[in-house]
Amino acid sequence: MAERGGRTSTGNETVAAALAGLDFTQMLGIADALPMGLAYVGPDLCYRFVNKALADFLERPRKSLIGLSMAEVLGPQAMAARMGRVGPLAPGRADPSMGLP
């Protein structure tokens, strides 16, 4: 943790501060450079953004995933098995146990 203005900042605050100065295109570039899958899923459980690593893992073009539900992409059985972990996730939180890269 780093000391900032009399208080200790977490790694997340440091990352958030660094990202705050980036434009949308730069953030997409960073997301695509990540070696693990990353997606933004809306409240309706439909994909709004998928990075390159996740699209490659799913063996589908990224554009074909946008707007599809998680159940459509993962299949109903895989989705049912994951709902206990997906349902309670708060916005901005990730579940590393989902088995995706």
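Me: In which helix is glycine 29 found?
Reply: The structure is a predicted model. In it, glycine 29 belongs to a helix that covers residues 24–33. That helix is α2.

Me: Is glycine 29 buried, partly exposed or exposed?
Reply: The relative accessible area of glycine 29 is 41%. Buried means under 20% and exposed means over 50%, with partly exposed in between. Glycine 29 is therefore partly exposed.

Me: How many salt bridges are found in a search of the whole structure?
Reply: One of the salt bridges joins arginine 62 to aspartate 32, and in another aspartate 44 pairs with arginine 48. The search of the whole structure gives a total of three.

Me: How far apart in sequence are the parts tied together by arginine 62 and aspartate 32?
Reply: Arginine 62 forms a salt bridge with aspartate 32, and their closest N and O atoms are 2.9 Å apart. Arginine 62 lies in helix α4 and aspartate 32 in helix α2, so the pair ties together parts whose separation in sequence is 30 residues.

Me: What separates aspartate 56 and lysine 52 in helix α3?
Reply: The side chains of aspartate 56 and lysine 52 meet in a salt bridge, at 2.7 Å from N to O. Both residues are in helix α3 and they are four residues apart, so their separation is about one helical turn.

Me: Is asparagine 51 buried or exposed?
Reply: Asparagine 51 lies in the loop between β4 (47–50) and α3 (52–58). Its relative accessibility is 0%. Because the cut-off for this class is under 20%, asparagine 51 counts as buried.

Me: Which residue has its backbone oxygen 3.0 Å from a polar atom of the side chain of asparagine 51?
Reply: Leaving out residues up to four places away in sequence, asparagine 51 touches several residues, including Ala31, Asp32, Gly37 and Arg62. Met36 is also among the residues touched. The backbone oxygen at 3.0 Å from the side chain of asparagine 51 is that of methionine 36.

Definitions and conventions
Residues are numbered from 1 along each chain as its sequence is written. This is a predicted model: local features need pLDDT of at least 70, side-chain atom pairs count only at pLDDT 80 or more; totals for chains, interfaces and linings use all residues. Side-chain values use heavy atoms; hydrogens and water are left out. Helices (H or I, at least four residues) and strands (E, at least two) are DSSP runs, numbered from the N terminus. Buried means under 20% relative accessible area, exposed over 50%, partly exposed in between (1.4 Å probe, protein chains only). A polar contact is a pair of N or O atoms within 3.5 Å; within protein, one must be able to donate a hydrogen and the other to accept it, and residues adjacent in sequence count only if both atoms are side-chain atoms. Contact means heavy atoms within 4.5 Å. A salt bridge is a side-chain nitrogen of Lys or Arg within 4 Å of a carboxyl oxygen of Asp or Glu.
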